[in-house]
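Welcome! Please take a look at it before reading on.

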Amino acid sequence: MKPDEPGKRRRGGLRHRASDQHGAASDQHSDSGPHGAGAEHGDSDAQLTRSAHGDSAAFTHLVKAHSSALHGYFARRMPAASEDLLAETWLQAFAARRTFDPARGSARGWLFGVAHNVLAQHLRRAGRREPAPGPDVTDPWQVVDQRLDAAAMAPALRRALAELPADERELLLLISWEQLTPTEAAAVVGIPAGTARSRLHRARGRLRDRLTLPRPAGRNLTATGDLA
């Protein structure tokens, strides 16, 4: 047996379990919107805290509750590597579970912070600094398009997002795609909440400037929802 085979086997097992639980996780993730976010965050905070004190079942609940959202995070940025990145995230989260401090933020935000670091590590190994939105990333645009005033605006939105500074784009997408709060998104990228709000305000202003496009009928296309 090669030295790295146990690690591969363990990672594969996590990936397999995450895939099997994808449907259940999707149902639970539907409660993480505006009407169920508080309860889900409280439950996840408690589960992560319990897992840090040796409750393995509590960590299993976290995997079920958050795998769908974390998989979406990777699928929207590195679709070809999303399964491996998800498995690596759960491995690193389990190893670092004792570092979670509910006084500093939610379990959901903490898990996305781990995912953010895993993605950064992957990009460094690949010789890249950031994932660039491109034609191979199709899943998020279906969600974003639903938030637009007209379907014709989608290509302009792609271009406008690609032109934003990387930190501003990531904050904006963590909120619009992943449904994090501004405070959670700030923790993910490692900046103060006040700084995050300033950058979000600046990013939304830049998008509005770039997305005021004339329609044939004389009306303008404008961004709505989280992007506005």
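Predicted model: local features only at pLDDT ≥ 70, side-chain atom pairs only at ≥ 80, totals over all residues.

## The overall layout

Followed along the sequence, the protein chain shows the pattern α-α-α-α-α-α-α-α-α-α-α-β-β. In other words, the chain has eleven helices and two strands. Helices (H or I, at least four residues) and strands (E, at least two) are DSSP runs, numbered from the N terminus.

Residues are numbered from 1 along each chain as its sequence is written, and side-chain values use heavy atoms, with hydrogens and water left out.

Of the 228 residues in the protein chain, 44% are buried. Here buried means under 20% relative accessible area, exposed means over 50%, and partly exposed is in between (1.4 Å probe, protein chains only). The protein chain exposes about 11800 Å², and carbon and sulfur atoms supply 52% of that area; accessible areas come from the Shrake-Rupley method with a 1.4 Å probe, and for residues only the protein chains shown count as cover. Among contacts in the protein chain with a separation of 6 or more, 65% are between residues 24 or more positions apart. Contact means heavy atoms within 4.5 Å.

## The nonpolar core

In soluble globular proteins, nonpolar side chains tend to be buried together. Which residues have the most contacts inside the largest nonpolar core? They are Phe74, Trp90 and Leu207, in a core of 45 residues. At least two residues of this core come from each of α4 (56-75), α5 (82-95), α6 (107-125), α8 (154-163), α9, α10 (182-189) and α11 (193-210). Helix α6 gives the largest share, nine residues. A nonpolar core is a set of buried Ala, Val, Leu, Ile, Met, Phe, Trp, Tyr and Cys residues joined through side-chain atoms within 4.5 Å.

With a relative accessible area of 10%, valine 114 is buried. Leaving aside residues up to four places away in sequence, valine 114 touches Thr89, Gln92 and Ala93. Its C-alpha atom is separated by 9.0 Å from that of alanine 96, 18 residues apart along the chain.

## Aromatic rings

A pair of aromatic rings is described by the distance of the centres and the angle of the planes. Rings of Phe, Tyr and Trp (its six-membered ring) pair if their centres lie within 6.5 Å; planes under 30 degrees apart count as stacked, over 60 as edge-to-face and the rest as tilted.

| Aromatic pair | Centre to centre | Angle between planes | Type |
|---|---|---|---|
| Phenylalanine 59 and phenylalanine 94 | 5.1 Å | 80 degrees | edge-to-face |
| Tyrosine 73 and phenylalanine 74 | 5.2 Å | 70 degrees | edge-to-face |

The pair of phenylalanine 59 in helix α4 and phenylalanine 94 in helix α5 links distant parts of the chain, 35 residues apart. Phenylalanine 59 is buried at 7% relative accessible area, whereas phenylalanine 94 is partly exposed at 37%. In the other pair, tyrosine 73 is buried at 0%, and phenylalanine 74 is also buried at 0%.

Phe59, Trp90 and Phe94 form one aromatic cluster. Over the ring of phenylalanine 94 sits the charged end of arginine 97, 3.9 Å from the ring centre. A charge sits over a ring if NZ of Lys or CZ of Arg is within 6 Å of the ring centre and within 35 degrees of the ring normal.

## Helix α9 and what follows

Why is α9 described as largely enclosed by the rest of the structure? Because nine of its eleven residues are buried. Among them are Glu168, Arg169 and Glu170.

Arginine 169 lies in helix α9 (residues 166-176) and is buried at 6% relative accessibility. Its side chain reaches the backbone oxygen of leucine 161 at 3.2 Å. This is a polar contact: a pair of N or O atoms within 3.5 Å, where within protein one must be able to donate a hydrogen and the other to accept it, and residues adjacent in sequence count only if both atoms are side-chain atoms.

Glutamine 179 is in the loop between α9 and α10. Although not a glycine, glutamine 179 has a positive phi of about 60 degrees, and it is partly exposed at 33%. In α10, Glu184, Ala185, Ala186 and Val188 are buried. Just after α10, glycine 190 takes a positive phi of about 80 degrees.
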